[in-house]
Amino acid sequence: MRNRNKAPKPAPPEPAKPGSGPQEQDRSTFEGESLGLLLESIQGKIKAARSLDGEALPEKIWLKQQFAIGVNEVTRVLERMPPSNDADDCPLEESLMSSNDNASYPRLQAILLASDCNPRWLTRHLPSLALSRKVPLILVKDKKRGSLRLGELVNLKTAIAIGIKAKGNAVNHIIQKILCNSDLNVERKSTGQSLLNGETNGNGQPGRAG
């Protein structure tokens with residue numbers, strides 16, 4: 001005997017809207033001239049921060065204190081960070097600039113990620129993991145040279161991912177400008193100096209196109 005009281009069929013799910021999925025994350029992508037100016041600005045800030053620290057430590061050790069270098073190290077730092085419930089897309093500067101001296105784990109302000117990673121599965125987990133910790137991604141795109149460009153920042157041949165630790169230094173300040181400016185403009189002064197949101201390249205020298 002057929003059951004005449006069949007439950008109504010559930011309505012088909014509505015198609016997901018672009019950008020509404022749990023894996024979606026706001027990302028800034030830099031390529032071409034804007035990438036050159038971005039990396040030049042960060043490199044200048046690294047030199048400034050290194051100079052302020054007095055260069056007491058060997059450069060390799062100092063860089064490890066400022067950055068999580070490589071996919072494995074970035075993953076480890078992210079996993080040690082507690083998941084964030086903060087809904088702010090652009091946290092206050094004071095929170096991102098907090099020192100890690102008294103913290104039991106380092107905090108990442110942002111992650112520079114090369115878009116040319118091969119095989120892709122090496123970095124497939126990073127977007128969702130970073131999203132759960134509210135750590136923004138900055139994608140570096142330069143055909144097949146993104147990892148080479150990132151490696152130059154930390155004096156390595158290549159670097160697929162670089163996590164920027166919140167240390168309250170000059171590097172954090174330039175990254176903060178990128179993260180909190182949705183209408184980011186990378187441009188040049190008529191004098192030839194590179195600008196990133198009004199910042200020079202950190203050493204006062206004329207900028208070069210990427």
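Trainee: How many of the residues of strand E3 (residues 108-114) are buried?

Mentor: Buried means under 20% relative accessible area, with exposed over 50% and partly exposed in between (1.4 Å probe, protein chains only). Strands (E, at least two residues) and helices (H or I, at least four) are DSSP runs, numbered from the N terminus. Strand E3 is mostly covered, and its buried count is 7 of 7.

Trainee: Good, and what sort of model is this, and how are residues numbered?

Mentor: It's a predicted model, where local features need pLDDT of at least 70, side-chain atom pairs count only at pLDDT 80 or more, and totals for chains, interfaces and linings use all residues. Side-chain values use heavy atoms, leaving out hydrogens and water, and residues are numbered along each chain as its sequence is written, from 1.

Trainee: Which strand pairs with E3 in the antiparallel sense?

Mentor: Two strands pair if DSSP finds at least two bridges between them. Ile111 sits opposite Gly163, and Ala110 has Ile164 as its bridge partner. The antiparallel pairing with E3 runs over 5 bridges, and the strand is E5 (residues 161-165).

Trainee: Which strand runs parallel to E3?

Mentor: Look at Ala114, which stands opposite Val140. There are 4 bridges in this parallel arrangement, and the strand is E4 (residues 137-140).

Trainee: What hand does the β-α-β unit of E3, H5 and E4 have?

Mentor: Point the strands away from you: if the path from the first strand over the helix to the second runs clockwise, the crossover is right-handed. Here the helix is H5 (residues 126-132), and the unit is right-handed.

Trainee: Why is E5 largely enclosed by the rest of the structure?

Mentor: Ala161, Gly163 and Lys165 are buried on one side, and Ile162 and Ile164 on the other. E5 also pairs with strand E2 (residues 67-69) in the antiparallel sense over 3 bridges, with Ala68 opposite Gly163. E5 is largely enclosed because its buried residues number 5 of 5.

Trainee: Is Val171 buried or exposed?

Mentor: Val171 is found in helix H7 (residues 170-179). Leaving aside neighbours within four places in sequence, Val171 is in contact (heavy atoms within 4.5 Å) with Ile42, Lys45, Ile46, Phe67 and Ile164. Its relative accessibility is 2%, so Val171 counts as buried.

Trainee: What is the C-alpha to C-alpha distance between Val171 and Ala49?

Mentor: In sequence, Val171 and Ala49 are 122 residues apart. In space, C-alpha to C-alpha, the value is 7.1 Å.
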